Amino acid sequence: MLEHASLTHAHLKTPKAAAIAGIAFSLLMFTIFWLLRRSVPADPLESGAWLATDARTVALALNLIPFAGVAFLWFIGVLRDRLGQQEDRFFATVFFGSALLFLAMLFVAAAVIGAVILVAASAEPNELINSATFRFARAATYIVMNVYAIKMAAVFMISTSTVVIYTGIAPRWIAVIVYLLALVILVGSYYISWSFALLPVWVFLISVYILIDNLRR
């Protein structure tokens with residue numbers, strides 16, 4: 001019985017290269033941000049003229065979000081596997097809950113914009129430009145991402161960095177950098193339009209470290 005349990009555990013062991021998921025998430029998010037930034041104006045009250053010219057580019061970015069979400073879930077699993085028996089219930093709940101909330105709000109925002117594009121594809125795009133429906137969807141997406149989702153991203157970064165400091169699963173200097181990045185997100189997200197990209201920067205940083213460390217072992 002014990003031998004069977006040991007074999008099962010061996011088969012379910014996280015692959016050494018699993019941290020590639022975090023790198024994949026970072027690259028996908030950078031691509032998504034770049035596609036959206038070159039197509040959609042930063043102003044949440046813009047008229048929606050991009051629906052007539054850049055809807056396909058935005059649709060491509062939205063279709064990449066589910067893949068980024070799967071990679072992010074895998075990245076969370078890598079962190080929890082890295083913690084192992086050192087996982088603290090309090091901090092684990094905070095970082096796991098904030099990560100899921102961030103991911104859920106990312107999907108909600110993508111669904112709202114995706115619905116707008118779908119409506120625009122089945123009707124005349126000019127009918128939606130400057131319409132009340134488009135303005136509501138655009139404002140709702142902006143608030144979900146830039147007020148709520150980005151704050152959850154900052155909480156995720158802070159809680160995970162605290163775990164890093166107390167458990168030593170990664171160098172302390174990485175945790176210090178992440179604290180600074182999270183502070184920029186919390187304080188400057190309203191003023192700095194690119195602050196959202198700091199989350200994939202951090203995920204890329206810690207994923208590269210975990211990947212190298214796992215392969216060395």
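**Entry 1: serine 39**

I began with serine 39, which I found in helix α2, residues 20-39; helices (H or I, at least four residues) and strands (E, at least two) are DSSP runs, numbered from the N terminus. The model is predicted, with local features needing pLDDT of at least 70 and side-chain atom pairs counting only at pLDDT 80 or more, while totals for chains, interfaces and linings use all residues. Residues are numbered from 1 along each chain as its sequence is written, and side-chain values use heavy atoms, with hydrogens and water left out.

Leaving out residues up to four places away in sequence, I listed Trp50, Asp54, Thr57 and Val58 as what serine 39 touches, where contact means heavy atoms within 4.5 Å.

**Entry 2: the whole chain**

I counted eight helices and zero strands in the protein, and I noted that 44% of its 217 residues count as buried. Taking contacts between residues at least 6 apart in sequence, I found that 80% join residues at least 24 apart.

**Entry 3: α2 against α3**

I looked next at how α2 and α3 lie together, and their axes come within 8 Å and cross at roughly 160 degrees (axes are lines fitted to C-alpha atoms, for helices over the stretch in contact, and angles run from 0 to 180 degrees between N-to-C directions). That angle makes α2 roughly antiparallel to α3, since angles under 35 degrees count as roughly parallel, over 145 as roughly antiparallel, 65 to 115 as roughly perpendicular and the rest as oblique. By class, I recorded 19 nonpolar, four polar and one charged residues in the contact of α2 with α3; Ala, Val, Leu, Ile, Met, Phe, Trp, Tyr, Cys and Pro count as nonpolar, Asp, Glu, Lys and Arg as charged, and the others, Gly among them, as polar. Serine 39 is among the α2 residues that meet α3, and Thr57 and Val58 are among those on the α3 side.

**Entry 4: glycine 22**

Staying in α2, I turned to glycine 22, which is buried because its relative accessible area is 0%. Glycine 22 touches Phe75, Val203 and Ser207, not counting residues up to four places away in sequence.

**Entry 5: α3 against α8**

I followed these residues to helix α3 (residues 55-83) and helix α8 (residues 198-216), which pack at an angle of about 50 degrees with their axes 12 Å apart. The two helices are therefore oblique to each other. The contact of α3 with α8 divides into eight nonpolar, two polar and two charged residues, and I noted Phe75 and Val78 among those from α3, with Val203 and Ser207 among those from α8.

**Entry 6: serine 98**

Last, I looked up serine 98 in helix α4, residues 89-122, which is buried, with a relative accessible area of 3%. Its side chain reaches the backbone oxygen of phenylalanine 95 at 3.1 Å. Setting aside neighbours within four places in sequence, I found serine 98 in contact with Met152, Val155, Phe156 and Ser159.

Definitions and conventions
Buried means under 20% relative accessible area, exposed over 50%, partly exposed in between (1.4 Å probe, protein chains only). A polar contact is a pair of N or O atoms within 3.5 Å; within protein, one must be able to donate a hydrogen and the other to accept it, and residues adjacent in sequence count only if both atoms are side-chain atoms.
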